[in-house]
Amino acid sequence: MNKIARGLAVAVTAAASVVALSGAAQARPAAGDWNGCPYGAVCIWGQDRNPYLDPHPTNVYWSYGAHNLSNQYGDHYVFNNQYGGASMSLCTGYNGAGCHLALLEQEIGSFNLTPYNSVTLNR
């Protein structure tokens, strides 16, 4: 029985080591998700959707830089769930042209996205 317990302990330790090593390349903080928006991301909810009542964002952006919007008209909630001082901007042009700062980290706002064609995630 002792051999089985020791063998199981070795297997669990080895598995934990593999998970820890493989997760390091794509490590994201585990805490801080908010109403369907993962910690570290910028999220947009569907037109006239309230994230407090419908925790399912339609757009989730992870990487810094410009992201073009498609078919985003009318009022939408946008939440900047990034950390480390990262902000997000709304841009009237595609590929991040004509931007203005919209939200600092951990801020939420409601915006009419009709005039905007892209968003940027800023370091």
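Which residues does Leu90 touch, not counting residues up to four places away in sequence? Select Leu90 and its surroundings to find Gly98, Cys99, His100, Ala102, Phe111, Leu113, Tyr116, Ser118 and Val119, where a contact means heavy atoms within 4.5 Å.

Before going further, note that this is a predicted model, in which local features need pLDDT of at least 70 and side-chain atom pairs count only at pLDDT 80 or more, while totals for chains, interfaces and linings use all residues. Residues are numbered from 1 along each chain as its sequence is written, and side-chain values use heavy atoms, with hydrogens and water left out.

**The whole chain**

Of the contacts in the protein with a separation of 6 or more, 61% are accounted for by residues 24 or more positions apart. Colouring by accessibility brings out the buried residues, which make up 33% of the 123 residues; buried means under 20% relative accessible area, exposed over 50%, and partly exposed in between (1.4 Å probe, protein chains only).

**The cores**

Next, select Val78, Met88, Leu90, Phe111 and Val119, which have the most contacts inside the largest nonpolar core, a group of 14 residues. Strand E1 (42-44), strand E5 (87-91), strand E6 (99-103) and strand E8 (118-122) each supply at least two residues of this core. A second, separate core of five residues includes Cys37, Cys43, Trp45 and Phe79. The term nonpolar core stands for a set of buried Ala, Val, Leu, Ile, Met, Phe, Trp, Tyr and Cys residues joined through side-chain atoms within 4.5 Å.

**The disulfides**

Now show the cysteine side chains: a search of the whole structure finds two disulfides, each being a pair of cysteine sulfur atoms within 2.5 Å. One of them joins Cys37 to Cys43, with an S to S distance of 2.1 Å, and it is right-handed because the torsion about the S-S bond is about 90 degrees. Cys37 counts as buried because its relative accessibility is 0%, and Cys43 is likewise buried, with a relative accessible area of 0%.

Move on to the disulfide that joins Cys91 to Cys99, where the S to S distance is 2.0 Å and the link is right-handed, with 95 degrees about the S-S bond. Here Cys91 counts as buried at 0% relative accessibility, whereas Cys99 is partly exposed, with a relative accessible area of 33%. When the bonded cysteines are numbered in sequence order, the pairing reads 1-2, 3-4.

Select Ser87, whose place is in strand E5. Is Ser87 buried or exposed? With a relative accessible area of 10%, Ser87 is buried, and, not counting residues up to four places away in sequence, Ser87 touches Asn80, Gln82, Leu101, Leu103, Leu104, Thr120, Leu121 and Asn122.

**The surface**

Select Leu53 in the loop between E1 and strand E2 (59-61); Leu53 counts as exposed because its relative accessibility is 71%.

Methods: Helices (H or I, at least four residues) and strands (E, at least two) are DSSP runs, numbered from the N terminus.
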